[in-house]
Structures are given as structure tokens and as C-alpha cells.
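Please read it beside the sequence and the coordinates.

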Amino acid sequence: MKMNHEHKIEQLTTAMKDTENTRMYERYLAVRLHLEGRTLTEIADILGRSFPTISGYWNDYCKHGLSGLEFGECPGGIRKLSDEQEERLKKAIANQRPVDVGFEAKYTWTLKIIRAWILREFGEKYTLKGISKMLNRLGFSYTKATYTLVRANKEERKHFREVTLPELKEELNHGKISHLLFEDESMIRAYLALQYNWFPKGQQRKIATYGEHKGAKLFAAIDYETGQVTHREEENFDTKAFQRFLVDILHAYPKGKLVMILDNARAHHADEIQKFLREHSRLQLVFLPKYSPELNPVEGLWKWLKQDVVNNVFFHKFYIIRSHVAAFMKRVNQHPLEAIDRLLVRI
């Protein structure tokens, strides 16, 4: 699977943060600027380099990814490790941590640690670029780790992915379900994370704040087929607020059977909600496995919202948060194919 554009930029940003080498930082930055829309000529002017130099960075990246930007001695075309040794290397990286094989207090495999492991185990010396190219050949990639909840039940998650969701999609395709929705809630605070952004050299953007954590409490549901988002702002995440959102959903979809997939929050199981569902039988709730937020595409919607309109901003009035959220939701609904591509295509 090809890496998407946003992931490439995120990967380069991570590499820029991790490197302590100014030359490598420049190479990562040059490629990232080109991915963000700058021409190679513009980048050459910005970095004070020649066009052939910047073009070379880009060509190396296109051919070999991040490893193509590494510099050092030519690693040569001769394989130094046998098939058996390479298999040992693959198993060590995939199944163990550096600390498990004698590298004290090291929990992440880096090129330097892998090079040291190979020298210790097999007596072979590699450049960092040589290690990187070998890892690519062996099927590894430089990726960012992600969190997973320890208490999540693997069998329940597997059943949802392989049985529950495919069955719901089949019912949708055959008209037994009119609309399939995913729902979630999120708190959008008056100020959130600070992210990297362009600013004059020697200065730093300062985000004013009162030090308080006020914000908007949001409910949202995204239509699996159309990418349309229905949302509501509330003061609390309680049963009454959730019920009001369900009323919004019924008004937004006045006909046909509705199935809404959502998490196991207490308000979703409340007696008042069960009574409401009996009175509105065309609406059915299907619950995700516990501790499985990654199965809900609305989580991606919240991340998108925060990246686009919330991070690096301080909202001194509640109504300003609401206006920003409303503008974002309007834009998403005006371009539903983008929502489908970003949030739903892999569900």
C-alpha cells in the first residue's frame, strides 16, 4: 500500500524532530517543503542551495524514501549477511526490543542500535545508509508507533471487523438498512496542543491563555455512504444531551432504518435511551468492542478538526469555538468525498 501524502509529511516532520544532524534536517525539510507545494527552485532559494542539490534530494527520496536521504560511505552492492543471519535480524527487530537483547534502557530500534547489534552478533560493519537500505529490502519501513489499549479484547475486535461490520454493510447494500452511521463525542477545549508552524527566525509564536480548560462538548455522527456529518454542541455529555442528539439524527434522516455504531459510554446504555429506542424503533444502536476507539472513524474527524482549526489557537469566548467548529463541519459537508477518503475508505 502506498503511503498517503499526509503520512509522508508526518513522517518527515518526525524525522526532523529526531535528527541532531543539521545536514539531515535540511534534507528532510527540503523534501517536506516540496510535498507541501513549494517548487524545487523556491526551496533552493529558501535553503541557500543550488537547484541540482535540492533536485538530488528529491530524486533520492522518490527512489528510496527516507533512507535515500541518508549520507555516508557507499554501502556497496555485496550482501554481507547470509539468508540465515538476515532472518535472525528480522525476527529480533519484529519480536523483541533492544533491551531484550542486551541494550540497556533502549526500547526502540534505531539504525545505530541495529548496526551495533549486527556488529556484535555477526562481526559485520555497516554504514547507517547501508542498514537503512537493507531494512527496506527486508520489508521494514520507518513508521510511527501507535497506542493500543491493553484491556481491549482481541477476539471481540476481530469479530467486529470480520463479522459484525461486514454484515451491516451487506444489509446496507441490500436496502435492509437505509443509513449506517458512526457516532462519537469529544471535548474541544479553549486551547489545545501546540504544533510546529512557520514564524520569523529568532521568534516564537505565543498563544495567550487564561489557564482554564473551558470548551465545547460535541456529538457527531458520520454517514458511512455519503460522508455527511451531523453534529451538536452541548454543555454536558449526559443522557439528556445524547437523547437530544438522537432526535437530531432522526430529523436529519426522516425515513428508513438507521443503524448507529458507537462506543460503550454509560449514557449510551441508560434506561432513558432504551425507552427512547423502543419509541423510535427504526433507530438501532450497535456497540463497538470495549476500548477500541480506532474502530470508530469519528475519532479521525476529531483529530482532523483539532489539526485544522483548534491547535495553536486560543479562544477567549465560547461562541468563537462554536463558530470555528460550525465552519469546519460546513466545509466537511461541502466536500464529503474528502471525508470518505480520509475517514471511511479503510473501514
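Setting aside neighbours within four places in sequence, L168 contacts I177, L180, V259, I261 and V286, contact meaning heavy atoms within 4.5 Å. L168 lies in helix α8; helices (H or I, at least four residues) and strands (E, at least two) are DSSP runs numbered from the N terminus. With a relative accessible area of 8%, L168 is buried (under 20% is buried, over 50% exposed, and partly exposed in between, with a 1.4 Å probe and protein chains only). L168 and L180 are 12 residues apart along the chain, and their C-alpha atoms are separated by 7.8 Å.

The model is predicted: local features need pLDDT of at least 70 and side-chain atom pairs count only at pLDDT 80 or more, whereas totals for chains, interfaces and linings use all residues. Residues are numbered from 1 along each chain as its sequence is written, and side-chain values use heavy atoms, leaving out hydrogens and water.

**Nonpolar core**

A nonpolar core is a set of buried Ala, Val, Leu, Ile, Met, Phe, Trp, Tyr and Cys residues joined through side-chain atoms within 4.5 Å. The largest one has 30 residues, of which I222, I261 and L301 touch the most other members. Elements giving two or more residues to this core include α8 (154-173), β1 (179-189), β2 (215-223) and α11 (298-310). The greatest contribution to this core, five residues, comes from α11. Among the residues that I222 touches, beyond four places away in sequence, are L180, F182, V229, V298 and L343.

The expected span of a helix is 1.5 Å times one less than its number of residues.

| Helix | Residues | Length | End-to-end C-alpha distance | Expected span |
|---|---|---|---|---|
| α9 | 239-252 | 14 residues | 20 Å | 20 Å |

Because 10 of its 14 residues are buried, α2 is largely enclosed by the rest of the structure. Its buried residues, including Y28, L29 and L33, pack against α1 (5-18), α3 (40-47) and α4 (51-64). Just after α2, G37 adopts a positive phi of about 115°. In α9, the buried residues include F242, F245, L246 and I249.

**The α6 and α7 pair**

Helices α6 (residues 111-122) and α7 (residues 128-137) pack at about 90°, with their axes 9 Å apart. They are therefore roughly perpendicular (65 to 115 degrees; under 35 is roughly parallel, over 145 roughly antiparallel and the rest oblique). Residues L111, K112, I114, R115 and I118 of α6 meet L128, I131, S132, M134 and L135 of α7.

Technical notes: Axes fitted to C-alpha atoms, helices over the stretch in contact; angles between N-to-C directions.
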